[in-house]
Amino acid sequence: MLVLVAPGQGAQSPGFLTPWLDLPGVTERLAEWSAVVDLDLIHYGTKADAEEIRDTAVAQPLLVAAGLLTARQLFASPADLVRRSGAVAGHSVGEITAAAAAGVLSEQSAMALVRKRGLAMAEAAAVTETGMAALLGGEPDAVLPHLERLGLTPANVNGAGQIVAAGTAEQLAALAEDKPEGTRKVVPLKVAGAFHTHHMAPAVATLEALVPTLDASDPGTRYVSNKDGQAVATGAEILQRLVNQVSNPVRWDLCMETFKELGVTAIIELCPAGTLVGLAKRALPGVKTLALKTPDNLDAARALIAEHSAAQIPADSAQTPAE
């Protein structure tokens, strides 16, 4: 069984979209989505520096656009994607990419939603100087109480020995000086706020107001949610979870547990790939993985799809994503 996953904020790097612009239709599609989000996605994906694309309001639309663009290169049509994918999931903002891939949102609606999300989260992050840091190594039984003592939130519980802490600059500085027992390293992340914590409450309210304007269809394949790792069957519930997840912890560890229970045999991570495949290699031994970083990876990805896809699912049992 094939699972398609989409990365979250921090996965971006300067120029990562440059090689993709050589493919037919990519520049035109980016120009179209740039008009939707009122951002020059081509500039930010090819020429902008690390600081420019660290901006939450820029990074989030850029990541969703990259994921949707690269998913289009792998499958013959939206219907082919849902027919061949046994499940989809995204980490944090990658959930919007996954929702569009599963047919819950049209690509245009996904881009409109992520633009509002990025702006709202950037505004919430500006209230207090906050951030996030990944803790590598250490057992949850030791790490989680330690974070609580420092006033930090375990904003991402990623599994495979990785927990991401979020809080104020002072709290993160204290963490750097006082690591939990067994933690090898504390790595600051390229994000501009304490996402998936109470600091993002104002952004939730902003997105709640947007929900009535969006049409959400039920997913055409399994959509695995960051909230609890469960597959969600209705578009309405997925949309509500996308809103609430802004201030709730990401439980990627539970998503991977669900992949395991479903019998996953292969995982493809959409561009800009690497982080989620790295976690899967440690947490899901024996599962084949592929990080779709550049067009050079497309042939290998298509071969993996052919070998591990759920193409035996009848075409009329999966809903076709909206164009």
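Author: What follows covers a pocket, a helix, the nonpolar cores and the cavities of this predicted model.

Reader: How does one find empty space in a structure?

Author: Rolling a probe the size of a water molecule over the atoms shows where empty space is left. Here the largest pocket holds about 510 Å³ of space.

Reader: Which residues lie nearest the centre of the largest pocket?

Author: They are Gln9, Gln162, Val164, Leu189 and Thr275, out of 28 residues in the lining. Two or more lining residues come from each of β3 (130-137), β4 (153-159), β5 (162-168), β6 (183-188) and α13 (275-283). β3 gives the most, with four residues. By type, the lining of this pocket has 13 nonpolar, 12 polar and three charged residues.

Reader: Now a helix. Which residues of α10 are buried?

Author: In α10, residues 201-210, the buried ones are Ala203, Val204, Leu207 and Leu210. Viewed down the axis of α10, they fall within an arc of 110°, so they line one face of the helix. The face turned away from that buried side carries Ala205 and Ala209, which are exposed.

Reader: What do the buried residues of α10 pack against?

Author: They pack against α7 (107-125) and α11 (235-244).

Reader: How many residues does the largest nonpolar core have?

Author: It has 80 residues, and those with the most contacts inside it are Leu41, Leu74, Met111, Leu113, Leu242 and Ile268. Helix α4 (residues 56-74) supplies the largest share of this core, 10 residues. Another core, of 18 residues, lies apart from it and includes Met1, Ala87, Val224 and Cys255.

Reader: How many cavities of 30 Å³ or more are there?

Author: The count comes to three. The largest cavity holds about 50 Å³ of space. Its lining includes Leu113, Leu207 and Leu242, along with Glu95 and Arg117. α6 (94-101), α7 and α11 each supply at least two residues of that lining, which divides into five nonpolar, two polar and two charged residues.

Reader: What lines the second largest cavity?

Author: The second largest cavity, of about 40 Å³, is lined by Leu4, Val5, Ala6, Val88, Ala89, Thr97, Ala98, Ala101 and Leu270. β1 (2-6), β2 (87-90) and α6 each give two or more of these residues. Eight residues of this lining are nonpolar, one is polar and none is charged.

Note on methods. Residues are numbered from 1 along each chain as its sequence is written. This is a predicted model: local features need pLDDT of at least 70, side-chain atom pairs count only at pLDDT 80 or more; totals for chains, interfaces and linings use all residues. Side-chain values use heavy atoms; hydrogens and water are left out. On a 1 Å grid over the protein atoms alone, a cavity is a set of points where a 1.4 Å probe fits but cannot get out, and a pocket is an open set with protein on both sides within 12 Å along at least five of seven lines; lining residues have an atom within 4 Å of a point. Grid points are joined across faces, edges and corners, and a volume is the space filled by probe spheres set on the points. Ala, Val, Leu, Ile, Met, Phe, Trp, Tyr, Cys and Pro count as nonpolar, Asp, Glu, Lys and Arg as charged, and the others, Gly among them, as polar. Buried means under 20% relative accessible area, exposed over 50%, partly exposed in between (1.4 Å probe, protein chains only). The arc is that of the directions from the helix axis to the C-beta atoms. Contact means heavy atoms within 4.5 Å. A nonpolar core is a set of buried Ala, Val, Leu, Ile, Met, Phe, Trp, Tyr and Cys residues joined through side-chain atoms within 4.5 Å.
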